[in-house]
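Please open the structure in your viewer and keep the selection tool at hand. The tour moves from one stop to the next, saying what to select and what is there.

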Amino acid sequence: MHLLYYVTLSLLVLITLPIWIWRYFTTPKYRGTLLRRLGWIPVAERAPDRGRPRIWLHAVSVGEAMAARALASRITAAFPDHDLVITTVTRTGQQVVRDKIPEACAHHFLTLDLPVCVQPLVDAIQPAVLIIMETELWPGLFRVLARRGIPICVVNGRISPRSFKRYHAIRRLTRRLLADGRLYLMQSPADAERLIAMGAPRERVQVTGNLKYDQAMNPPDAALLRRLEARLPAPVAPVWIAASTHPGEEELLLPIHRALLAHPLAPRLILVPRHPERCAEILERIGKQGLICQRFSQLQGDWNTPLLLVDEIGWLAGLYRLARVVYIGGSLVPRGGQNMLEPASWGVPVLFGPHVFNFRDIAAQLIQAGGAIQVASPADLHTRLNALLESPETCRTMGEAARAVIPANAGALERTLDALGPLVRNL
């Protein structure tokens, strides 16, 4: 089964090679990382060899890296005689690691999932254990580590119904793959049962909860908020934020904002795309809508346009404090939604579309508490925004209800550390 996987992946790489070459020359986020993704690790980027065991923490992108912040801090505090090395797949994830996780002694990009690529990365890291955020299942990586006797742990794991259908179709492969894992710490009983149905040994699966609730308990640091306030003082007009938008969403949101501007309140919009490298194309769309905007990177404490385009990462968690209401992206288009708990932690009501399959449980909790509204369409979103922007009292009531969901569901961090502790201590 592994040989079939390697052959299929190799053929896929060869077939799509022209696309990757084109992206390398046309898309900044792909430049400078190609050799690293094939397994080349520059000596200067390797973690210093201090003769200490290393914990390898993998967080695929921004969301997983943000959720890993508190875990990384607690792991290094609990195991001070270990070094922490972190890998990501994306450049934006790398930036979060460098800016937000000072406990990491090195960062690398995860390689292509072929043994010839994975083995140099494992040689460079020399891990005593691999901890994977959420459910990144890599057959090549798992097999290389299992053959070396290196335990693999999945934390904050989740299996959406959509992913379960795909994995179940190849359950012969997933059964062998999951046999290589030592411990699976899942977000919910439903996630645990799906993983067991895919072939994970039941005795290795535990339910520890969702680390994102614990992450939301920690506000942005005061220094970041001071820098943000210097660049962007709180405006007089009410603000709504479109957070972590994906391709296809800006075309739906910009006409809504243009219509809202006719309202006597003249609300302002802070638009935060999930991937800042898309800002050039988004600026074109803004111009076609006849809207005037400023870029966040060019602010000097003087936001005086109806729209602000955030073209840098790392600011969104602090920007939420300016909002009267927040729309969470990736939900009017079928991308599964994004983290809704960060605006909730500021006491801000949350709106999102029908496509929230990656955050199904969190969305349900917020809706049930009265802190969020799920809209069916752009027209429905416009109606809801209009009503909430006109009613600060409703926003306050909803915001407090949203905020209360977080402490009621926190505790996953402690349960995760309790489960990891015996394994790491016995390495």
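Begin by selecting the seven strands that form an open sheet in the order β10-β11-β9-β8-β12-β13-β14, where the pairing is parallel (two strands pair if DSSP finds at least two bridges between them; helices, H or I of at least four residues, and strands, E of at least two, are DSSP runs numbered from the N terminus). At the edges stand β10 (293-295) and β14 (372-374), each with a single partner strand, so one side of each is left without a neighbour in the sheet. This is a predicted model, in which local features need pLDDT of at least 70 and side-chain atom pairs count only at pLDDT 80 or more, while totals for chains, interfaces and linings use all residues. Residues are numbered from 1 along each chain as its sequence is written, and side-chain values use heavy atoms, with hydrogens and water left out.

Within the sheet, select β12 (residues 325-328) and β13 (residues 350-352), which pair in the parallel sense over three bridges, and find I328 opposite F352 in β13.

Next, select helix α8 (residues 171-179), whose buried residues are L173, T174, L177 and L178 (buried means under 20% relative accessible area, with a 1.4 Å probe and protein chains only). Seen down the axis of α8, these buried residues fall within an arc of 125°, so they line one face of the helix (the arc is that of the directions from the helix axis to the C-beta atoms). Among what covers them are α6 (139-147) and α9 (189-197), where contact means heavy atoms within 4.5 Å.

Finally, select R162, which lies over the face of F357, at 4.0 Å from the ring centre (a charge sits over a ring if NZ of Lys or CZ of Arg is within 6 Å of the ring centre and within 35 degrees of the ring normal).

Technical notes:
Buried means under 20% relative accessible area, exposed over 50%, partly exposed in between (1.4 Å probe, protein chains only).
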